[in-house]
Amino acid sequence: SYSEISLFEIRRCPPFGLERVKPKWWTFFIHCLVHFPHLNLEMIKEVRFSLRQRLAQLDKGYFVVLAISLLALLPFLVNASLPQETDAELHIFRLAELSYLIRGREFYPRWAPNFYHGYGYPIFNYYAPLSYYMALLFEFLPGIDAVTAVKITFMLGMGLGSIGMYGFVRDNWGRPAGYVAAAAYLYAPYIQYIDPHARGVLPESFSIGLFPLALWAFDRLCRQATPARWITAVFLSAAIILSHNLMAMLFFAILLGWVVWQFVLPKLDSKYVVDHVGRRYLLPALFLGVGMAAFFWLPVALERNEVNLNTLIGSQDNYDFRTHFLSMYEMLRISVPLDWGNTQPVFYFNLGVAQWVLASIGILMLILRRARQIWYGVFFAITAVALIFMMTPASTFIWEAIPLLPYFQFPWRMLG
């Protein structure tokens with residue numbers, strides 16, 4: 001009976017008959033729930049032993065990444081509020097409005113009735129909602145207001161991004177490389193300071209944190225197809241679309257390019273080992289995630305003429321992409337100390353010295369063919385060069401040729 005085999009399940013494994021194997025986590029918890037009234041000392045000991053085994057199997061690297069993240073998260077932890085004169089104020093207002101509407105049992109509102117002096121505004125119909133709903137989970141907790149919930153969501157996005165970056169790099173290049181990648185990601189000027197503090201853009205910052213998780217999920221699915229991995233990839237694909245309208249286009253394009261690369265790799269390198277079953281599920285997972293998010297993007301597409309979206313595209317003003325290109329000098333220069341007494345402290349849209357030095361070393365190792373997973377590295381090297389090019393004035397003809405690109409507004413967003 002099930003109780004006799006306790007925390008182990010029996011499966012038939014031909015040609016060797018029956019094999020005693022460790023259960024999945026859901027089997028473990030179902031067993032505990034079913035047999036809770038009949039637990040005896042032996043079963044309790046076995047539960048404790050199983051828990052100790054699972055804790056022993058947990059990668060201690062996650063705790064190292066958490067320690068690495070603490071310094072980057074420190075400004076949120078030691079300061080009572082958020083920087084003023086940034087978009088963070090807008091996101092606090094939107095979260096407070098969403099909380100008001102949901103407490104009134106309007107669980108997916110598209111109209112914000114209290115905005116624009118009570119005339120209302122369709123912000124929730126056209127702006128990606130995921131970061132607000134994530135913040136809402138914290139805002140509903142006792143003692144947490146909208147400001148604190150926004151702060152927590154900022155920290156959550158940065159933390160998830162560092163975990164995702166560590167997991168992806170660890171699986172491909174080893175644990176030490178994972179630590180370096182997590183630190184390089186988290187302490188990049190755009191991710192650590194510009195997005196969360198100087199600009200205060202909660203949805204964009206949160207979407208940047210989700211992308212490494214999504215990339216890791218698809219990489220794990222490619223290695224071995226399981227229902228849990230496939231579902232995770234689907235949901236993270238949808239989360240990317242629901243987190244930020246503009247970054248969704250960029251991250252979806254990179255994910256799609258990475259998936260296509262998995263089909264190209266065997267032709268580039270005959271030694272490349274591929275799980276054909278896992279690879280088969282990559283595209284369905286990616287596009288099913290997009291389909292799951294259709295409740296948001298489909299109304300935006302169908303009702304785009306109901307509002308004036310052309311105001312998002314400027315001409316020689318703040319929303320004109322031509323006024324936001326970067327020079328290579330600015331991207332490669334060192335960050336300057338911030339003047340916190342200034343209402344608008346000067347900062348540079350730079351890559352970060354450690355980041356571009358490490359990237360240069362990585363490209364050099366690829367050229368010398370002294371790196372593991374060379375073709376994976378080639379994909380990201382090509383992607384990095386393409387993104388850097390798109391942030392320079394030399395790419396103007398591409399921005400003008402592709403109709404949707406001007407809506408991206410700021411080429412330096414690609415620093416994320």
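Okay, so this structure holds eight salt bridges, where a salt bridge means a side-chain nitrogen of Lys or Arg within 4 Å of a carboxyl oxygen of Asp or Glu. Quick caveat: this is a predicted model, where local features need pLDDT of at least 70 and side-chain atom pairs count only at pLDDT 80 or more, while totals for chains, interfaces and linings use all residues. Residues are numbered from 1 along each chain as its sequence is written, and side-chain values use heavy atoms, with hydrogens and water left out.

Why do such pairs form? Side chains of opposite charge can pair when their charged atoms come close.

Take E139 and R103: their closest N and O atoms are 3.2 Å apart. E139 sits in helix α6 (residues 130-139) and R103 in helix α4 (residues 88-103), so this pair ties together parts that are 36 residues apart in sequence. Helices here are DSSP runs (H or I, at least four residues), numbered from the N terminus. E139 is buried, at 12% relative accessible area, whereas R103 is exposed, at 52%. The cut-offs are under 20% for buried, over 50% for exposed, and partly exposed in between, with a 1.4 Å probe and protein chains only.

Next, R322 and E400 meet at 3.4 Å, N to O. R322 is in the loop between α15 (294-302) and α16 (328-332), and E400 is in helix α19 (residues 396-401), so they link parts 78 residues apart in sequence. R322 is partly exposed at 39%, and so is E400, at 48%.

Then there's a network: salt bridges with shared partners join D195, R199, E204 and R413. Within that group, R199 and E204 pair at 3.3 Å, N to O, and both are buried.

Technical notes
Helices (H or I, at least four residues) and strands (E, at least two) are DSSP runs, numbered from the N terminus.
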